[in-house]
Amino acid sequence: DLAAHESNSRRARAIARTHPGYNACLMYGTSFKPRLDVPTYCYFDATTAQIGRFEGWAFRHFSERAKRDIREYQREVFEHCTAIFPRSRWAADSVRDDFGVPPDRICVAGAGPNHYAEPPAHAPYDRRTILFVGSQWERKGGPLILEAFRRLRRDLPDARLVVVGCAPDVCEPGVELVGRIRKDDPGGLDRLLRHYAEASLFCIMSSFEPFGIVVVEAQNSYVPCVAPARFAFPEMVVDGVTGRLVERDDPALLATAFADMLSDPARLEAMGRAGHEHVRTHYTWEEAARRIVARVERDLAARSASAHAR
């Protein structure tokens, strides 16, 4: 909604006026452009071109003209920014290819888990428990995961699928529906962390995913991840090291991946350790902030040097 964008922009400028003395502005998202006289930056997960290609969110209901208008608005935001901070290389490629932004103005910032709690000790990996965490069952690939799980149960009848975050209309052996867990409720985060600690592997098979912080959280809790080989997942899941990437939305292929992984608890444990280390090295908010601050400080130094030269 372009009217909402303009309203957001006016509000952003009003907020900026209450904080005199700032020398840079970092926007979360691209739903406004404050047009300030300082270097301006934006941080976001996916571009409108990517959302439009996969008809994510409400885009499937928009007219082609509305989609073009939204993409053009984001293009103007990108042109206004001194540099751009997408969360992933996948989004960075779209900024370059779909919007024509030069690579030297694009800096992949990354992201981190949405909590700082230390994960509890992980249970043995031989429990044959697959964990799904997500509030949107269909978009996150729940029906595909369920069909693969049914196939898996033919050979591993003691396998379990635990569904957290939603309550789909499913009632069959081996499937446990936990429902929504609010992290900020008393004991909520501990409950969620226990589900991670009891999982042999985590699976998400999204039809569209702007980023997928849930994979970061799962790996941080020593859980190997199975995800589609698309979007930003190939950056987060190191295929064969921290989990598996699945090339097609094929329940037989996914069931085979489940069976291969669950048949080797020692390998699952090694993947869990590797995933935890991968997150602690590459996917923390401290690291994301470091990348952003380093680029902003570099730009401010160049701006200061240019002003002194004049």
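Colleague: What makes helix 5 oblique to helix 9?

Modeller: Helix 5 (residues 142–155) and helix 9 (residues 251–262) pack at an angle of about 60 degrees, with their axes 8 Å apart. Angles under 35 degrees count as roughly parallel, over 145 as roughly antiparallel, 65 to 115 as roughly perpendicular and the rest as oblique, so helix 5 is oblique to helix 9. This is a predicted model, in which local features need pLDDT of at least 70 and side-chain atom pairs count only at pLDDT 80 or more, while totals for chains, interfaces and linings use all residues. Residues are numbered from 1 along each chain as its sequence is written, and side-chain values use heavy atoms, with hydrogens and water left out.

Colleague: Which residues of helix 5 and helix 9 meet?

Modeller: Among them are L144, I145 and F149 in helix 5, and L254, F258 and L262 in helix 9, where contact means heavy atoms within 4.5 Å.

Colleague: Why is the pair of F208 and F231 called edge-to-face?

Modeller: Rings of Phe, Tyr and Trp (its six-membered ring) pair if their centres lie within 6.5 Å, with planes under 30 degrees apart counted as stacked, over 60 as edge-to-face and the rest as tilted. The centres of F208 and F231 are 5.8 Å apart and their planes stand at 80 degrees, so the pair is edge-to-face. Both F208 and F231 are buried, meaning under 20% relative accessible area, with exposed over 50% and partly exposed in between (1.4 Å probe, protein chains only).

Colleague: Which residues do ring pairs link into a cluster?

Modeller: The cluster links F54, W90, F208, F231 and F233.

Note on methods. Axes are lines fitted to C-alpha atoms, for helices over the stretch in contact, and angles run from 0 to 180 degrees between N-to-C directions. Helices (H or I, at least four residues) and strands (E, at least two) are DSSP runs, numbered from the N terminus.
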